[in-house]
Amino acid sequence: MSNPNTPAAAFGSRFGIGSRELERALGSALEGPIDYADLFFEASTQDSVSLEDGIVKSGDRHLIQGIGVRAVSGEKQGYAHADDITIEALQVAAGTARAIASGSPRGGSVAVRGAGVPTQNLYPVALAPTEVPVATKVALLDAIDRYARAKDPRIVQVMASVICQHRNLMIAASDGAWVADVQPLVRLNVQVIAQGAEGRREIGYQGAGGRRELGEYLQPAAWQPLVDEAVRLALVNLDARPCPAGTFDVVLGPGWPGVLLHEAVGHGLEGDFNRKGVSAFSGKLGQRVAAPGVTVVDDGTLPGRRGSLNVDDEGTPTARTVLIQDGILVGYLQDRLNARLMGQQPTGNGRRQSYAHLPMPRMTNTFMLAGSDDPGDIVRSVKNGLYAKTFGGGQVDITSGKFVFSASEAYRIVDGQIAEPLRGASLIGNGPDVLTRVSRIGNDLALDLGVGTCGKDGQSVPVGVGLPTIRVDGLTVGGTERA
Amino acid sequence: MSAAAERLSGLDAVQFALDRARAAGAHSADAVLAESDSLEVRVRGKEVDTVAQSRERTLGIRVFAEGPGGLRSAVTSSSDLSRDAMARLAQDTVALARETAPDPTAGLPEGGFARELPDLALFDPADRALTTADWIALAQRAEDAARATDPRITNSEGASASTSLSAICYGSSAGFAGAYPSASHSLSAQPVAAQDGAMQTSWWACASRTVAGLETPEHVGRTAALRTVAQLGATRAPTCDAPVIFDASAARDLLGNLIGCLSGYSVYRGSSFLRDKTGEPIANERVTITDDGRKRGALGSKPFDGEGQPTRRNVLVERGVLRSWLLDSYAARKLGLATTGNAARHAGGAPSASPTNLWIEPGAGDLESLVRGLDRGLLVTGMFGQGFNPVTGDFSRGAHGFWIERGERVRPVQEITIAGNLGAMLASIEAVGADLHFLGSLGAPSLRVARMTIAGA
């Protein structure tokens, strides 16, 4: 019997789904050649309030609820989902998932253990962010708008939004596992447009968030620095010059530039690509893929972070997984299916966007551990290069290993000194090669402020990245000027 | 089943939601019910990898509430279509709207609704006869064709087939109710080739409203395989300024960067580099860009848009001159213009201005004639990354393709970037091919841009 205060009990009382119903559905999903079956229940609320042109346009609230049933046979997965949480829908989906995975019309039998509470509680919140009154969010956005416009007369547009999510989920599996979790998520976005000489315009963005209470972001001391940064970035870029094209030594700043790791390395180390042998990192376990001193981890257990989870979307507790240890590839990110097929352990990286999606190996918070170099010394060590401080997005071709990402704030480095700002800079390289070019690692590891969203196979999940200041020798920089 | 728990469907559900919103005190409201049944299968090698089946119904309600300073609006959605849940949702939406701030521009379109709903051939009832096994067989044929094309195809991410049947029901308290069914089917393949320890992958896909309109699985698999093996042995191009040819699929990707800059929302926000260019040349006179929501059988077609307005054919760029934006009623009011019937509406969100079927009109000659006409430069067959700034038009994205010398592909290239400003690129398009190709609702022919900066070796 489950504790009446657990998230699992909430599903029981709200939808009438308890151990008996779970056992019946899992039994229906499991038969003969089926190795494994699981049930995923989701009842989420997502709301957003946004402002532009000085006007709060609309309040949005979306209720997302449904069930997904998966039956796995060897490498084959049958999946059925429905958007109502009822015993009837559950039985139908379970029968469908089994039939498509095995072709067999009959079910087996399963006993679930008592409903579990995750062994870690990384994001306790007293007040769910979706419960904060809309009027409070409207007032915050209005304050941001006034503050940004007052900061500099060149700010001609302010766009800001508060996005809150409250995700209730429950997972029951044919091996008896049964766990439920409640996952809050908040995100505050500030984007400004500055207009300079001759009508030239530039954009600046800053955001922050995490699995926290919204109250933390309502204080001016919390949101004003975000606006300050967005405004600063837009104004810096008004003066930016076209970026040169060519090969340069590049210094990456701390924090969000960790998106380099996410694109260049992280995706290529996801278990599905390696099980299939289609990653540029396939078969490289135990080999050198980075310079000595480079250690990269994926850690889903950091309290309150955007990429953190008590349990992944298959019910596995998240963990700290070392991917690269002192330059040597030592681990992959695994969900249950790929771990089983590769003879490895799940690492708590089985994630899905919603009940309507199959889980797959995904990153949580991915970062490089700090080294011992002084960040200022790292910049001074570069004779002719680039300092990339902030990035937009990036993308990788897992198979060829080629990645690209775009800098939203970058400077030329001349004789060890940071010189003029550059615009339109992109960096391109090869995943298995780029970290072998890391020649300096700073002592200033920082994680991003909580704005990352990762897309894979049409599914988006929140993630975090982090990096100390590093120097990478000989990266290809794309720009419009001939060096 | 009690009356309160009874589930409503179709326009009955939409009308019920509107009635409940009015009863809860809404000034006006509209609602959309999106229903879909879909199946997606993936085959890899000789094995079925995934079969996923889904049935979804989502109701979205938008209400406007009166208050000092203008209407206030809220948008909500839920998949719970029981009467009592819908009544609660309608009530909550009105309460939410009252909590937000007034927007003097907010409101429903008051008139101009679609009067007749033409049959746009958006589905073929015969396609319902296909079973899961039939879709698996189609994907298997694509996978087999890809693997059989070349011995260097050694692996794959698999081949997929998907099918979905949808219905959209929309109603507005300003006096419109309409519904239409549609279908969408697709086939894709993504083989992996290996040579000298290096791997390459590429893909090919097609999509159609009817199964008969799909390319054959053999063509999909073989095209994906040929594009993949062609990249084997790729090296970097030299860092230089050179003319760049975009094949039709890369040109379509480039067009995707431009679309956001043609949306009325980015224009009134001032976040489009084209914001003050109406009536001015923004591209070479060879370039005409059309949006047409009533193209028969096309994937972006629909009889009415997300606000009940009739879809239509709009010329956005006419021989290089910017003529129109993509507008819904909100963006139109902001700009003092009339809607262009481009309101896109998902059940889970407010309308936005989006293209229906949008393409660059074809010119003359095929890709090969463009290549033959190039003395030295780059042919781009794929791009990646997000290096485009819509506010300035600055463009710098990752690319792969072929290096061209004296009209011939001399070698494949990868790990390079191509950079320029989209405005300058459009102005310097010096050739437009006749090989217009659509994937989904976007289409482009191959193009040649006079000069871009390539960063590579």
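# Strands, helices and cut-offs

User: Let's start with a pairing: which residue is the bridge partner of Val72(A) in β3(A)?

Analyst: The bridge partner of Val72(A) in β3(A) is Gln77(A). Bear in mind that this is a predicted model. One more pair in that strand: Ala71(A) stands opposite Gly78(A).

User: How do you know that β2 (residues 55-73) of chain A and β3(A) pair, and in which sense do they run?

Analyst: Pairing needs at least two bridges, and 7 join β2(A) to β3(A), so the two strands count as paired. They run antiparallel. The two form a hairpin with 2 residues between them, and Gly74(A) in the turn has a positive phi of about 60°.

User: Why is strand β3 (residues 76-82) of chain A called largely enclosed?

Analyst: A residue is buried if 20 or more other C-beta atoms lie within 10 Å of its own. In β3(A), 7 of the 7 residues are buried, so the strand is largely enclosed by the rest of the structure.

User: Which residues of β3(A) are on one side and which on the other?

Analyst: Side chains in a regular strand alternate between the two faces of the sheet. In β3(A), Lys76(A), Gly78(A), Ala80(A) and Ala82(A) are on one side, with Gln77(A), Tyr79(A) and His81(A) on the other. Both faces are covered, as all of these residues are buried.

User: What makes β3(A) and β2 (residues 47-65) of chain B a pair?

Analyst: The cut-off is at least two bridges, and these strands have 6, so they qualify, in the parallel sense. Within β2(B), Gln53(B) is the residue opposite Ala80(A).

User: How many bridges does β2(A) have with β3 (residues 72-78) of chain B?

Analyst: There are 4, again in the parallel sense. Gly59(A) stands opposite Ala74(B), while the bridge partner of His62(A) is Ser77(B).

User: How many residues of chain A are in contact with chain B, and with how many?

Analyst: 68 residues of chain A touch 61 residues of chain B. On the chain A side, β2(A) gives the largest share, 11 residues. By class, that side has 26 nonpolar, 26 polar and 16 charged residues.

User: What about β2(A) itself: how many of its residues are buried?

Analyst: 18 of the 19 are buried, so β2(A) is largely enclosed by the rest of the structure. Strand β1 (residues 36-52) of chain A pairs with β2(A) in the antiparallel sense over 17 bridges, and Val49(A) stands opposite Gly59(A) there. In the hairpin of these two strands, with 2 residues between them, Asp53(A) takes a positive phi near 55°.

User: Why are α2(A) and α3(A) called roughly parallel?

Analyst: Angles under 35 degrees count as roughly parallel. The axes of α2 (residues 19-29) and α3 (residues 87-102) of chain A cross at roughly 25° and come within 7 Å. The angle falls under the cut-off, and the helices are therefore roughly parallel to each other. The crossing is right-handed.

User: Which residues in α2(A) meet α3(A)?

Analyst: Glu21(A), Ala25(A), Ser28(A) and Ala29(A) do, and among the α3(A) residues they meet are Leu90(A), Ala94(A) and Arg98(A).

User: Why does Glu198(A) count as exposed?

Analyst: A residue is exposed with 12 or fewer neighbours. Glu198(A) has 5 C-beta neighbours inside 10 Å, so Glu198(A) counts as exposed.

User: What makes β11 (321-322) and β19 (437-439) of chain B edge strands?

Analyst: The open sheet has 6 strands in the order β11-β10-β9-β14-β20-β19, with mixed pairing. β11(B) and β19(B) are the edges, as each pairs on one side only. Further in, β14(B) and β20(B) pair in the parallel sense over 2 bridges, with Leu358(B) opposite Leu442(B). Helix α5 (residues 248-262) of chain B lies across β10, β14, β19 and β20, running at about 120° to β20(B).

Methods: Residues are numbered from 1 along each chain as its sequence is written. Chains are lettered from A and ligands numbered from 1 in the order in which they are written. This is a predicted model: local features need pLDDT of at least 70, side-chain atom pairs count only at pLDDT 80 or more; totals for chains, interfaces and linings use all residues. Two residues are in contact if their C-beta atoms, placed from the backbone, lie within 7 Å. Ala, Val, Leu, Ile, Met, Phe, Trp, Tyr, Cys and Pro count as nonpolar, Asp, Glu, Lys and Arg as charged, and the others, Gly among them, as polar. Axes are lines fitted to C-alpha atoms, for helices over the stretch in contact, and angles run from 0 to 180 degrees between N-to-C directions. Angles under 35 degrees count as roughly parallel, over 145 as roughly antiparallel, 65 to 115 as roughly perpendicular and the rest as oblique. A crossing is left-handed if the near helix is turned anticlockwise from the far one by less than a right angle, and right-handed if clockwise.
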